[in-house]
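Hello,

Here is the structure I promised to pass on to you. Please have a look at it first, and then read my notes below.

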Amino acid sequence: MDTLALQIMNTEFYIAMPKGVHFVWKEKAEKWLQYVAQEWSRFQSNNELSQLNDLEIGETLRISSLLYDCLVQADRYYQLSNGLFSPYLKRQLEQHGYNQSFPFDEAKSKAFQNKPLLADQPFQFFGDAQVMKIAQQEIDLGGFAKGYAIEKLANWLEEEVSPDFGLIDGGGDMKMWSSGEKTWTIGVADAWDIDKEISSIKMQTGAIATSNRVYRSWMQGTMKKHHLLNGQTGEIANTEVLQASVVTPSLSDAEVGAKLCFLMDEGELQQWFENNCQQSARFLVKDGQAPNWIMAGVK
C-alpha cells in the first residue's frame with residue numbers, strides 16, 4: 001500500500017491507498033487537512049471561524065461554502081438531538097478550563113459562573129453561505145470538523161483516485177472503503193492504554209468514531225473536568241461511560257453518536273440510532289462493567 005502519515009490538529013493522521021495509483025493525491029490531502037486545522041479551529045486567531053464568533057448579534061457574514069456546509073450539518077445534529085450535541089459551546093468549554101490545545105493536565109483559568117444562557121438557535125443559516133449571529137454563543141466544531149474533513153477527503157479519494165480501497169485514520173476516527181477485495185480489521189483501544197486493544201471489528205466500507213473522557217481531561221482547581229459537555233446545560237457530562245466507539249456508514253453519524261453515548265441513557269440511545277442511523281453498532285466501556293457491542297438497525 002501507498003501511505004501518508006501526518007501530524008495535524010494534534011492528531012496522528014494515517015492514509016492508506018493502493019500502490020501504483022497514477023494520481024498525485026498526497027499534496028492535495030495534506031493541503032485540505034491543513035486548511036481545516038488553520039481556518040476552522042477555535043485555537044487559531046484571525047481565521048474564518050474566529051470572524052464568525054466575533055460577530056455582533058444581528059450581524060451577518062458570508063463564509064466559504066465548505067465551512068458553511070460543515071456548520072449546517074453540525075446544526076442539523078444539534079436539532080436532531082434536541083441540543084444535547086452542540087457545536088455552540090466554545091464559551092462553556094473555556095469556562096471549564098479548556099482554553100488551550102491538548103495535552104495539558106491543569107487548567108490555566110479558574111472556574112467562573114457568569115455562563116451565557118444557551119439559546120435554541122444561536123446562529124441562523126441562509127442559503128447563500130451567509131450566517132447571522134442570533135445569540136451570545138460561539139462555535140467550537142471540535143471533533144465534528146475533523147470527522148467532516150476525513151469524510152470529504154475519503155469521498156474524493158474514492159471517487160477520483162481509487163475506488164478499489166482506501167482508509168483514513170485521524171486519531172481513531174476512521175473512514176474506509178473497499179470494492180470487495182479488501183477487508184479492514186479495526187482495533188478498539190483500551191480507554192486507559194491506547195497501545196492495548198480490547199476489541200476489534202472487521203469491515204469493508206464504513207466509518208468508526210471513538211470518544212473517551214480519560215484522555216481529554218484535566219483539573220480545574222480541585223475539580224476533575226473532561227471535554228464532553230451537555231449541550232442543553234453547558235455542564236460536564238455526568239456519566240459512567242468511559243469510552244464509546246460507534247460504527248456507521250457515515251463518519252458524521254458516528255462522531256455525533258459517540259458523543260451522545262455519554263449524554264443519553266440506553267433507551268434514548270437505542271431510539272436515536274434506530275431513528276437516525278440505518279445500520280450501526282456501538283461499543284461501550286463503562287466504569288466497573290465488562291465492555292460490550294450493541295447493534296441497531298439490523299434485523
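The chain carries 27 positive and 39 negative charges, and their mean positions lie 3 Å apart. Lys and Arg count as positive, Asp and Glu as negative, with His and the chain ends not counted; each charge is placed at NZ of Lys, CZ of Arg, CG of Asp or CD of Glu.

Please keep in mind that this is a predicted model, where local features need pLDDT of at least 70, side-chain atom pairs count only at pLDDT 80 or more, and totals for chains, interfaces and linings use all residues. Residues are numbered from 1 along each chain as its sequence is written, and side-chain values use heavy atoms, leaving out hydrogens and water.

Now to the interior. Buried residues (under 20% relative accessible area, 1.4 Å probe, protein chains only) make up 53% of the 299 residues.

What does Leu157 touch, leaving aside residues up to four places away in sequence? Its contacts (heavy atoms within 4.5 Å) are Ile15, Met17, Trp25, Ser162, Ile168 and Trp177.

Along its principal axes, the C-alpha trace spans about 55 × 45 × 40 Å.

Best wishes

Conventions. Buried < 20%, exposed > 50% of the residue type's maximum accessible area, 1.4 Å probe, protein only.
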